[in-house]
Amino acid sequence: MVDLKAQYLRLKNEVDAALMQTVESAQYINGPQVQTFADALQSYLSVETVVPCANGTDALQLALMALDLEPGDEVITTAFSFVASAEVIALLGLTPVFADIHPQTFNIDAKDVERRITSKTRVILPVHLFGQPAEMEAIMEVADRHGLYVIEDVAQSLGATCFYKGAYQQAGTIGHIGCTSFFPTKNLGCFGDGGACYTQDAALAARIKRMAAHGADRPYHHKVVGINSRLDTLQAAVLNVKLPWLDRFISERQRVAAVYDSHLKEVEQIAIPVVAEHTTHTYNQYTICVKNGRRDEVMKALEAMGIPSRIYYPVPLHRQPAFCHYASAAWPLTNAEKACSEVLSLPMHTEMKPGEAAYIGRAIVDLFEKNA
Ligand SMILES: Cc1ncc(COP(=O)(O)O)c(C=O)c1O
C-alpha cells in the first residue's frame with residue numbers, strides 16, 4: 001500500500017545527518033529539534049501555536065482535556081473513521097454521539113450533526129478523512145449557533161485546505177483546535193509515532209501544553225492532572241527534514257490519484273473519490289466504492305494479481321463492541337454502514353510511478369469488462 005523505504009532513500013543523506021546530529025547531541029527529550037519543528041509547522045499552517053505531542057491519539061485526548069468538559073458531556077463525531085476519536089472521548093468519561101457521513105466524500109454531514117445536538121453537547125469533532133477536509137463552513141455555522149467547540153482531526157489530511165471566510169485555510173486551523181498525527185503513512189510521517197495539536201487561541205495552547213506536561217507549567221508544580229505526551233527529539237529531527245517536502249508529497253499523491261481517476265471513472269460499478277467544492281484533497285488514501293456487493297470479489301482478484309488493497313473501515317464505530325452501547329436508535333447511520341460495505345483503498349504513496357497506478361487502474365477495468 002505504501003513504500004516508506006523508497007521515500008527514506010530519496011531523503012537519506014539529509015535524514016541520516018539529522019538523526020546522527022541528534023544522537024550525538026544526546027538531547028533525546030525535548031531537544032531543540034522539537035521547538036524548531038513546532039515553529040516550522042506553525043509557519044506552514046499560519047497558526048498561532050503548535051504543541052507537539054507523542055501521537056495523533058494523544059493530540060485528540062489533549063485537545064478534549066484542554067476544554068474543561070464534564071463527565072457525560074456529549075461530543076458529536078463521525079461513525080465512519082479510525083477508532084481514535086471515539087476512543088479518547090469515551091476514555092475521558094465523555095459520551096461519543098455518532099453522526100452520519102456524506103456518501104460521496106465519507107466526511108461527517110453537518111446537517112446530521114445538527115439534529116443530534118442536545119443540551120449536553122459541548123463539542124463537534126469532525127475527522128478530515130482520507131485526505132479531504134469535512135465541510136467546515138457548515139460545521140462552524142452549526143457550532144457557532146449552538147455555542148460548541150470544534151476539534152478537527154487532521155491525522156489523515158495535513159496540508160489539505162478548505163475555503164472558509166473568503167479564503168482557503170489549512171485544515172485544522174478553522175475550528176478551535178486541530179489535531180494531527182505523524183504516523184509513518186500519514187501525509188507527513190516520521191519514523192515512529194508523533195503528533196501535534198494546533199490552535200489560534202493562546203489560552204487554549206497554554207492549557208494543551210500544560211496537559212501534555214503532566215499538568216505542569218513548570219517542572220514539579222502540577223496545576224491539574226495531565227499526561228506525559230512528548231514528540232520524541234529523533235522524530236522531530238526527521239520531521240524537520242520532511243516538512244519542506246510536504247507540498248511536493250501532496251502533489252505526488254494528487255498525480256497518482258489523477259491516473260487512477262482517468263482509468264476508473266469509466267467503470268459503472270465503481271465510484272471514484274469525489275473532491276467536494278471548496279476543498280483540496282491530499283489523497284492520504286485513494287478510496288473507491290465498489291457497488292452491487294462486488295467489493296470483496298474485487299479485493300480477492302487484486303490479491304491474486306499481487307496488488308494490495310485495504311478496507312478502511314470494515315465496521316462503523318457504532319457497530320463496534322467497544323462503542324455500540326453509545327449508539328442511538330433514533331436516527332440510523334445509513335451512509336456510514338453502506339460505506340463500510342463498499343469502500344476499497346488502493347495503493348497510494350509519494351514514490352508511486354504513474355505507470356504503476358495505470359497498471360492497477362487497467363487491471364480493475366479489465367476485471368469488470370471480463371465479468372460484466
Ligand atoms: C483519523 C485518525 N485519527 C487519529 C489517528 C491516531 O493517530 P496515531 O496513530 O498517531 O495515534 C489516526 C491514525 O491512524 C487516524 O487515521
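**A residue in a strand**

Tutor: Start with A99, which is found in strand β3 (residues 95-99). Strands here are DSSP runs of E with at least two residues, and helices are runs of H or I with at least four, both numbered from the N terminus. Residues are numbered from 1 along each chain as its sequence is written. The model is predicted, so local features need pLDDT of at least 70 and side-chain atom pairs count only at pLDDT 80 or more, while totals for chains, interfaces and linings use all residues.

Student: Is A99 buried or exposed?

Tutor: A99 is buried, because 26 other C-beta atoms lie within 10 Å. Buried takes 20 or more other C-beta atoms within 10 Å of the residue's own, exposed 12 or fewer, and partly exposed is in between, with C-beta atoms placed from the backbone.

Student: Which residues does A99 touch?

Tutor: Not counting residues up to four places away in sequence, A99 touches I76, T77, T78, A79, I108, D109, D112, V113 and R116. Contact means C-beta atoms, placed from the backbone, within 7 Å.

Student: New topic. What domains does the protein have?

Tutor: The domain assignment gives domain 1 (4-244) and domain 2 (246-370). Such bounds come from an automatic or database assignment. The C-alpha centres of the two domains lie 24 Å apart.

Student: How many residues of each are in contact?

Tutor: 37 residues of domain 1 are in contact with 33 residues of domain 2. On the domain 1 side, the elements giving two or more residues are α1 (4-10), α5 (84-91), β3 and β6 (161-164).

Student: And the sheet, what order do strands β12, β13 and β14 take?

Tutor: The order is β12-β13-β14, in an open sheet with antiparallel pairing. Two strands pair if DSSP finds at least two bridges between them.

Student: Which strands stand at the edges?

Tutor: β12 (270-271) and β14 (343-346) do. Each has a single partner strand, so one side of each is left without a neighbour in the sheet. β12 pairs with β13 (residues 286-290) over two bridges. I270 has V290 in β13 as its bridge partner.

Student: Which helix lies across those strands?

Tutor: Helix α10 (residues 246-264) lies across β12, β13 and β14, at about 20° to β13. Axes are lines fitted to C-alpha atoms, for helices over the stretch in contact, and angles run from 0 to 180 degrees between N-to-C directions.

Student: Last one. How many residues surround the ligand?

Tutor: 14 residues surround the ligand, and the closest are N55, G56, T57, A155 and S181. The cut-off is a C-beta atom, placed from the backbone, within 6 Å of the molecule.

Conventions:
Two residues are in contact if their C-beta atoms, placed from the backbone, lie within 7 Å.
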